[in-house]
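Here is a set of questions and answers for a reader who is starting to look at protein models. Please keep the structure in view while reading.

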Amino acid sequence: MDRNICYIDMTAVLPKFPNSFRPCVDTWMEKLEKGILSPTHFKDHWRVWVPKIYSPEPNGSCLESTSDEETAKEVLFDTLERFICNGDPQEVLNRLSKINSPPSVCCRVFKVGDPTYSCRECGMDSTCVLCVDCFKQSAHRYHKYKMGTSVGGGCCDCGDTEAWKTEPFCDIHAVKPEATEEQVKLLPDDISERARITFTAVLKYTYDLLTMEHSPGLPADLCVKEVENDPLGLLDPSDTYCTVLFNDESHTFEQVINTLNRVIKCSQKDSIEFVTNVDREGRAVVKCSTFKHCSELKSDIEKFTSRHGNRPLKVLVVHAHVIAHQFYALKLLEWLQKILGHSEGFRALFSQVVLQSNSQDASIVEGILTRDSQLWKSARTHWHRLIIHGMLMEYESKKAFAQVFTKHYGSVLKDFMRDDHDHSFSIASMSVQVFTVPTLAHHLIAYDDALFKLLNTLMSECSRKCNSAGKLEFERNVPNGTFKRALYIIYDLRYLLSSVPTVWTDALRKGFLQGISWLFDLLTKMQGMDLVTRQVGQHMEYEPEWESAFNLHIKLSHVITLALEWCGTDRVVLIKAYRATLKKLYENPGIDMAHGLDVRELADHTVSCLQYDVSLQPISIHLPLSRFLAGLHVHMEKFGLNFCSSEFQNIPKPTPEQLIEPVLRTHVMIAQVHAGMWRRNGYSLLNQLYFYHNVKCRSEMLDRDIVLLQIGAALIESNEFLIHMLNKFNLLNWANPLFEQNALKNPEEDSMRQTISLVEEFLGLLIVIVGERHVPGVGQVTHDDRIKKEIIHQLCIKPLSHSELNKALPEDVNRETGMEHVIDSLADFKQPSKGSAKGVYELKSEFYDQYNVFFYHYSREEMSKSEEAQRKRKKAAGELECCPPPTLPPLTEAFVVMANVLQCDVMLHIVQIVLERSINLRARSFSEAQLHKVLHLVGFALHEEEKQHCQFMRFTERAEKWGIEKLIEELVSSARVEAHKHLLAWVLAKFRQVALKNHGVPINKPIEVQETSVQSETAAQEEKEWRAKMAAQKRAKIMAQMTAMQKNFMKENAKLFEATLSLSSQTSKLTGSSMDLSESYEETPVAVGAGQTAKLNVERAYTCILCQEDQTVREDGPALVLAAFVQQSTVLCQRRGGDVVEDASDPLFLPATLGPAPYTGTCGHVMHSHCWQKYFDNILAKESRRPYRSRQPSSFDVEKQEFLCPLCECLSNTVLPLLPPLGTLQTTSSAVSTLTFEAWLQAVKIALKYKRKIQSNTKKSQGKRSSPRLQSRDKSVEDISDVGVSESNPEIHSAEQLFYTCPIDQIGIELGENGQKFMEVVSSTVAPPPVLSANLSDMILLYSQAAYTKGLGVHPHVENSRVPLLAWESCAYTIHSIEYLLRELRKPLFGELSCRQQDCLERLVRLVGILPMSWNQYNAIISHALRLCSIVFDNSSDGPCLLDWDSFGVLVPLTLSLPSLLESEQALHIPTGGLQELYVLKVLFLGNVVKMMLTCDFSQGILPMDIDGEEAQCSVSSVMDLLAAVRKEAGLSMPSEDTNAQAVWLQMKEMSIPFLRCCALFFHFLTSIPAPACLMEVGGDTYENLCNYLGLPTTCEELMSSHVVKDLALQWCSHEKVKHCLSGASSIALARPTPAVNQLVSLPMDYSELINTVSMFTCPNSDHDDSRNPTMCLVCGEMLCSQSYCCQTELNGSFVGACMYHTHTCGAGACIFLRVRECEVLLLATPNRGCFMLPPYLDQYGETDQGLHRGNPLRLCPERYKKLHLLWLSHGIHEEIARALESSNSILATQWQHL
Ligand SMILES: [Zn+2]
Ligand SMILES: [Zn+2]
Ligand SMILES: [Zn+2]
Ligand SMILES: [Zn+2]
Ligand SMILES: [Zn+2]
Ligand SMILES: [Zn+2]
Ligand SMILES: [Zn+2]
């Protein structure tokens, strides 16, 4: 049964139900009146009708929908609407819509990939987004916005007043003032009543069916009863079943496709479609048959897919009627959603219905929440959408939903964790809709235990991952997919906490604290996880797992930050949280706090220290509980609290020493790692430390640790604090004044080195503790100050672009760095200087003195880079070349004591011993870094004293006692610390200045820096010498590096290099030939015809790049070749689309559509042919050893003869041999012939008269120069007609059919009086043809084969007669291309050709010129000439017409083949611009002119003012004659009377220029006659100048007035096809004779326009479904569904993605695309290569956003797009891809063929 029959049968049934909807609507009404209407009555109706309409056909194709939508609408949906409305639904619903002003919220649900917009100024958080439509209508489009693409499932927040700080409504959803307050009756009561019943019935039915437990049959009340079973037997036999396939995430597309192929035995295409459906819908019916058959298939599929230990794919056998009902249920949900859109009243009703529950049954919403994971994808999304549209539009319903959702949160999430669908397909994803609404979130926390529920769910999952010590532990190789999914709860926590309350209620406090206590539990489980112990002896056996813990941390850190912010806004909450944290810390002191105490002493201070050896005992980097306390502590002061406040008195709490202990241990471990003591612990530890310090993690790690240590420094007496630290660092020994002496007794190098390093680390940590105060609560700073400090330090490294700077700053919960607020006050934005560079921020000079070289967020590399940059800057500014510490912000009350660390005894003791040991040249523990850091600390102390933020600072006074000043003074002159000379001077000066100010007495006379210089004059001398020596060494090293890099440089900068080369060779060429130039200066050069001027025949030598030997180009010498690349191209094509690839098997000439045709390019690097052969053989051997498919496809494909140029690595696939100028190969007589154009035409026609086909066997037997003509010379002319009888030989392709003609003498005879002149022309050759060396001939043939195989897409065939045609076509096409390119670049025709272009044209033109002579299929050349002549001169109606051919594309092959046809017996003649060539040129030029006359519009011709009309008019009258004649012949409208002949002629001249330019290029390289100076200038290529050079007449009369010209023109116009085309009957657009340069598609300026466009784009192969990777062809503008199975197509036996297939059809093998969602350019080359490039779109900071990660608004950069255009126009795609592949080192190979 097919669809058609089905339809007819249905209509046959219908009469049994007249007005089918009426009776049942009436029945329902009737029952309603009686008050007995129940959902059962609706079901009764559906029971009968649904299977009829929606049952799948047994054995039908399951891929085509067979349902009858019209009947469905009438019978199933209209009935419902009529019942609800009790009248015309359309009318009633419209009325309802009017009462309800349009809903004030949008709630549009996003599909995957839909564009979203967020406003960075107005959004409450980063989840607040707008859909395209709302965005375009909102005020935010003028704000700072971000673009993004949805992962699906979310919805538009437009109209939600809680989502936006300002402007919550777009123009569409703006609340209308009159509708706001007035509570209109939204639904009339009767409608409301009927709607309630209908909704109940519909929802109950859909819920029951979609959540049906899996039994193959239907619920009893939906079974079709026997009696109803249709008497006509139209219903499906009730035993039809379906095999239904469900999706899962564990099987690949590939696996399922293969399974279906085998089991269902369907085609690959159908399999792909099934799988695409399964993927999209979540399930698909793959078979409809008997229960037995379906069950067999089910078990087969399960068997197949359970191989390799996989879980089998889920397959069910379901009754066809069930499928039908479920299908209908989904439709009903869509219908309901539509109905709800009409009225708020409907939505309120809906909410009530779905929330209704009774004693036995839970409500429908609850049912959906708990059974969501059992549904398939589309069933889920249908419900989700309905809930969003029904419940989330109005606040009360939303709140109701939020409460139910929260209530069931635990089970919803547990289901989600066990499920394997993406989060966006789970109802769990609805959390973002409710938890992000601030008032709802607060309500849920306060009254619905939301925080508790979330954390509880998370904790129960975490408990499973705990080890015996109660800490979280993750193992490698243990599947933790469930745990990963559990982490989605953390996002929900973030949403819930995202809005920090401004007003607290008791309920909120209670709810929050109750929840947060679970957070403390979680943090306790993390505190001390992933312990590491220093490895001694042997290395770690395996790297421990560390990533999971950090992943958890990264996800959790925003929640922690938010929880801390919450705590920081309420005194009660803060106190309770602080107490709870202290308690937890007390209960969990970490690793055996119970250890004994050691008494330590230093500088007359004694302390009991906690015993713990970091180098021996386990340490953890995870201390979230300690850090949480630090986070709380900074809020204490604003509520008048401190550690010792009464609120914390009577609770068990750790001492300050115990508090800082874990953090201190971690820092000692880090110091030891830096000192090289943990080398054996492997990379796992290094990675952890990296992230600990990295911008992603440090906010809740490093930063908090420092605060905690600062708390310690403030709470513990300074001397004790330092002794604790020294003890933990194990440096008390070092601090002993006798250390140096003791060390001599134990001269262990290794431990001394470690000690030095640990001291440096210790001092570094001190600097951080004392100096890093830009944390609100520690220093008196604001949040902005903190960001400013980060930015200043980043910009002190170097100027940074916007994105680089953003990346270096920590992001807050909303993924913002806060940079925008402050950046303009700190830095100046420097616009990008050129199109490619990006703009950067440069720090304003006044901020440089805030630079702190030991800034704690610097990596070691950044530290040294910034120091270097700053020293350089200072040197340039003539300042002291050092970076003294910056002044510090004042500390808050709670931390002010901390400053005392700088002046306490232990500190001064440390300063003293470091200074002393620096002076003592024998001290082994000295290091420059120690001194530097100590000076830095002293500098801090001096600043502090100077500022007097803390009253107790009397550093200078105390330091005097320790003799610090004297020590510094002594050091200033020490040669040992040369590097810090300036810093010492600064410290000393500062010291004296501060001391003077505070004590009023100068302690010593100020020291001058000069003083030291006098003293150390000799030292300076020494230093100078030493520097000179170092410089010399450095130079030598650089030289060596340079040499090594030279080769690389050559490769990398090949183009640059080449450009300079080309420039120099160009000039040398000019100077070398200045003689010739000056000689011929008087006469302007003429390249063609009788007036030909002197040729420039210079012998040139080249150096082989492989063997480095010089070699002169000679026809008989060893051949030189250039690496070259031939590619099929459509770049010039004038027509694109389906019929571009027309039958190109007869490539006699280049068609007027310009392609596809082979393009030839070269990099111009010269090699010996034998050197190249050796090189190529080597590559072949190497490639064959390469493991098959081991990694990326290599950048070139040897199977396609590809290789890389050995010098510049340019992609190549053939070689172009070098030939001497053709003129030197054969001398021609200088006698000027007087053969007229007419006579010559006559000669050609005589030859054509005798044109005959050659028998196939004759052709085969023909070998070398023994042309058929030579044989036929023996025969009389009459006999010839008998030769061609091979017409019916099917073996020969029509294009390979050969022709021959009469001997040349015959033409001479028939020409009569002109015969003599003709013979003179054709036998003007006086020398025999040159003999080419064998390997030169081989190379010529090699190239020809390349053009042949690429041009036709065929295998090589040496003997094929079409070989020369493709070489000629490539020549014509390449010249066209270069002419285009020059035109586009506005470069002169000659003089500025790039080296590549120059080389390419010169070699190519000479090669094709000599090809007829070196190719052995001589008769084929004659045949080609004959065919071409036949087309041009006979122009018979069965052949191509004037409009079919490109004039230049005929000129090239005709010029090159004609000498072979019209040759004398004695010698072959190389075409070098003789009279014949001129006549060919003239004919085709005329052809071009006639074409213009036919296709161009001359009516707009405007006469330039300065031309003397009267006189000029008569000289151009012939143009009008010809124009009129031609247009009349072609049946076109005649030019109007007032058409100005002068204007027509001018227009004609102008339009002829491109053709003439091509000819000029061609004949220049063919004849080697230098181009006149005028053609080397821009704009010098006027019609006259070109004609002069080409030997063509310049006036209109000369060109057109002769009758032969007119005859020829009329003959062309009389061709049937010409008239056909011009009449517009042909669908093919006319190709213009002078086409404009092809451009890439024009792109919108604003990138969001593109994104919005593709959001509408649907996959062409699946019904209106959106495409995941919409990709635009930049050549033709077509949008494609890329990288998706749905759009794969077979190409040469394998399936390729839509883009790759398009590359084949649109670009003939190379194409250029824009991946719109990724915002990147894609280049592809068939069959499997490609690369990505930066897009031509820039944000306001001049940066691209490949991948669209940042989301800043983007604008088109025309310069970049132009570059891309030129890349395409110059045929650079293949090369670009090869270079990208060559330089790529990514391990993951992109499957380019699937894009
Ligand atoms: Zn919207
Ligand atoms: Zn809106
Ligand atoms: Zn805004
Ligand atoms: Zn060589
Ligand atoms: Zn090269
Ligand atoms: Zn598709
Ligand atoms: Zn295209």
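Q: In this predicted model, is Phe-405 buried or exposed?
A: A residue counts as buried when its relative accessible area is under 20%. Phe-405 has a relative accessibility of 0%, so the residue falls under that cut-off and counts as buried.

Q: Which kind of aromatic pair do Phe-405 and Tyr-409 form?
A: A pair of aromatic rings is described by the distance of the centres and the angle of the planes. Ring centres have to lie within 6.5 Å, and planes over 60 degrees apart count as edge-to-face. The centres of Phe-405 and Tyr-409 are 6.1 Å apart and their planes stand at 75 degrees, so the pair is edge-to-face.

Q: Which helices hold Phe-520 and Phe-628?
A: The rings of Phe-520 and Phe-628 make an edge-to-face pair, with 5.2 Å from centre to centre and 75 degrees between the planes. Phe-520 is buried because its relative accessible area is 2%, and Phe-628 counts as buried at 0%. The two residues are 108 apart in the chain and the pair links distant parts of it, with Phe-520 in helix α23 and Phe-628 in helix α26.

Q: What is the geometry of the site of the zinc ion (ligand 5)?
A: The protein donors of this ion are Cys-1163 (SG), His-1165 (ND1), Cys-1205 (SG) and Cys-1208 (SG), which lie 1.9 to 2.3 Å from it. Four donors count as tetrahedral if all angles lie between 85 and 135 degrees. The angles among the 4 donor atoms of the zinc ion (ligand 5) run from 108 to 111 degrees, and the site is tetrahedral.

Q: How many residues apart are Cys-1673 and Cys-1706, which belong to the site of the zinc ion (ligand 7)?
A: The zinc ion (ligand 7) is coordinated by Cys-1673 (SG), Cys-1676 (SG), His-1702 (NE2) and Cys-1706 (SG), and these donors follow the spacing C-x2-C-x25-H-x3-C along the chain. Cys-1673 lies in strand β19 and Cys-1706 in helix α69, so that, with strands and helices taken as DSSP runs, the pair links distant parts of the chain, 33 residues apart.

Q: Over the ring of which residue does the charged end of Lys-377 sit?
A: A charge sits over a ring if, among other conditions, NZ of Lys is within 6 Å of the ring centre. The charged end of Lys-377 is 4.6 Å from the centre of the ring it sits over, and that ring belongs to Phe-425.

Technical notes
Residues numbered from 1 in each chain as written. Chains lettered and ligands numbered in written order. Predicted model: local features only at pLDDT ≥ 70, side-chain atom pairs only at ≥ 80, totals over all residues. Heavy atoms only, no water. Donors = N, O, S within 2.8 Å, 3.2 Å for Na, K, Ca; no water. Tetrahedral: all angles 85-135°; square planar, octahedral: opposite > 155°, others 65-115°. Helix = DSSP H or I, 4+ residues; strand = E, 2+ residues; numbered from the N terminus. Phe/Tyr/Trp six-rings, centres within 6.5 Å; stacked < 30°, edge-to-face > 60°. Buried < 20%, exposed > 50% of the residue type's maximum accessible area, 1.4 Å probe, protein only. Lys NZ or Arg CZ within 6 Å of the ring centre and 35° of its normal.
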